[in-house]
Amino acid sequence: MKKIEAVIRKAKFDEVIEALHEIEVNFFCYWDVTGRGNEKIGKVYRGISYSTKDIERTLLSIVVSDSFVEKSIKAIIDSGATGEIGDGKIFLYNCEEAYRIRTGETGPKSFN
Amino acid sequence: MELLTTNNIWMMLCAALVFFMHLGFSFLEIGLTRQKNTINILFKNFFIITMGLIMYCLIGFNLMYPGDFNIIGGGYLGFAGIGLDLAVAADLSYNQGYTYWTDFLFQGMFAATAGTIISGAVAERIKINSFMIIALVYVSIVYPIVGSWQWGSGFLSTLTDDVGFYDFAGSTLVHSVGGWGALVIIYILGARKGKFDINGKPQAIPGSNIPLSAAGVLILWLGWFGFNGGSVLSADPANTSLVLVTTCLAAAAGGLGAAFFSGLLYRNLDLTMFMNGVLGGLVAITAGADQMSPNEAIMIGVTGGIIVVLGVSLLDKAKLDDPVGAIPVHLFSGIWGTLAVGIFGASKGLDQFIVQLASVGIVGVFCVISTIAITLLVKSTVGLRVTEREEMEGLDIAEHGTGAYADFAMK
């Protein structure tokens, strides 16, 4: 089992979710995050130009069985890329164990 | 009698519309400031409308319309006694346009407006107790005295033998009076922490709720139907209709002027400038709403809108911090609208222009001096500003012990 964490563009969220559903990855968490990176966002308020380094992205957290790792990552990269700076990052971790709370099942069958 | 009934109904409706403007001001101010100061701003707005009405009943109305200038003759200062006069009220021949009661209520709603203008400019850093003292003195004494000089038939209304000052609904008497006060207080009070960096460069402090501000501006525009429409002082068909047309055209022109001028200047279509421009147009037409043709109203409005955009940038350059743009809207556009009576419309002419200019100056000097006196007195006794820590944590917690959105923060 592996845990995939992906920081993606908010604007690409719908496409990434759809790509994951297509390969039958249907269980995951996500939340909006604010972070820092290379990008600077220029803004104007009442005639004053200012820039903020705060970058808003969505973070996906997915646990999959080993056989799904490669295609999940491919799906995220294919659907989430625009080719411009700021498309995000993917991190891969080992996942020691998973439990389904209702039944006490463990391993990949607890989330599939 | 039937005529009085018709007139009076219109005037009561207008009083209600001007009352509604206080909701508009509240929304505008909340939206253009940060969440942590929302309760504080609403508290100030509630204080102004409640205290304003009570004080106008007790002393303001009789200071503004003394009849006889019995303290300083020649139209400078008079006082007709404490409280409303039941005997005068009972006489329905008081005026053809309205009853005594309607007169009081309509004028009372106006008085509170002058205080609200100050409230927006000093937002997010003034001590609530200090603000209440300053607003109390300003609304109960400074505003009615200035008003008596013109609307109470004082010396401004007959400034020269031939020509008197003209201010239909208060570009100067209401809006500039509030604006001058606001300008002096923000100078003494200083800018919000973070508004200017260590090199003095202005920083953006974006407002927390632009949709609420937009609702506020549209409510204010609606309120202006009463503010200017009621200033005809009757339901006279020709005059009231013209005034509503000039008022709305100036508002529209002011908004467009500000939106496109700031768009050209900053390469950005800024909604808050659009909104301030609408208000700038409204304030500008207020002095001559019954004097102007539709085309002239558009010219006055569009200029008012451009003045607002330039005014916002001027205040930034002068290191003055006005979070909601009250001074560009009410003071700068108010001065423009007052002068415009001498440039456009039925009473244009050099003599009129000079009288308008002189009156702007006289009112300005009086307001500035009295505000300096009140503000310095308050500063040296109860203090003017909250501490830096209170400012950072927000005035809601520091001054009122609770936040506006309790367990829920909009993000």
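Read along its sequence, chain A of this predicted model follows the pattern β-α-β-β-β-β-α-β, with 2 helices and 6 strands in total; helices (H or I, at least four residues) and strands (E, at least two) are DSSP runs, numbered from the N terminus. The radius of gyration of chain A is 17 Å, well over the 13 Å that the globule rule gives for 112 residues, so chain A is more spread out than a compact globule; the radius is taken over C-alpha atoms, and the rule is 2.2 Å times the number of residues to the power 0.38.

Residues are numbered from 1 along each chain as its sequence is written, while chains are lettered from A and ligands numbered from 1 in the order in which they are written. Because the model is predicted, local features need pLDDT of at least 70 and side-chain atom pairs count only at pLDDT 80 or more, whereas totals for chains, interfaces and linings use all residues.

Chain B has 14 helices and 0 strands. Its radius of gyration is 20 Å, close to the 22 Å given by the globule rule for 411 residues, so chain B is as compact as a globular protein of that length.

The table sets out the two chains. In it, a residue is buried if 20 or more other C-beta atoms lie within 10 Å of its own, exposed if 12 or fewer, and partly exposed in between, with C-beta atoms placed from the backbone. Two residues are in contact if their C-beta atoms, placed in that way, lie within 7 Å.

| Property | Chain A | Chain B |
|---|---|---|
| C-alpha extent along principal axes | chain A: about 60 × 25 × 20 Å | chain B: roughly 60 × 45 × 40 Å |
| Residues counted as buried | chain A: 17% of 112 residues | chain B: 57% of 411 residues |
| Contacts at least 6 apart that join residues at least 24 apart | chain A: 72% | chain B: 78% |

Two helices of chain B can be followed in detail. Helix H6 (residues 171-189) of chain B has 19 residues that should span 27 Å at 1.5 Å a residue, and its end C-alpha atoms are 25 Å apart, which agrees; the expected span is 1.5 Å times one less than the number of residues. H6(B) bends by about 25° at Val177(B), the bend being the angle between axes fitted to the seven residues ending there and the seven starting there. Since 17 of its 19 residues are buried, H6(B) is largely enclosed by the rest of the structure, and it is followed by Gly190(B), whose phi is positive, near 90°.

Helix H10 (residues 294-317) of chain B, with 24 residues, reaches 35 Å from its first C-alpha to its last, close to the expected 34 Å. In H10(B), 18 of the 24 residues are buried, so this helix too is largely enclosed by the rest of the structure. Leu314(B), found in H10 of chain B, is partly exposed, with 14 other C-beta atoms within 10 Å.

The largest nonpolar core has 123 residues, and those with the most contacts inside it are Val122(B), Ala182(B) and Ala250(B); such a core is a set of buried Ala, Val, Leu, Ile, Met, Phe, Trp, Tyr and Cys residues joined through C-beta atoms within 7 Å. Apart from it lies another core, of 13 residues, including Ile4(A) and Val16(A).

Between the chains, 6 residues of chain A are in contact with 13 residues of chain B. Strand S3 (41-45) and strand S4 (48-52) of chain A each supply at least two residues of the side that touches chain B.
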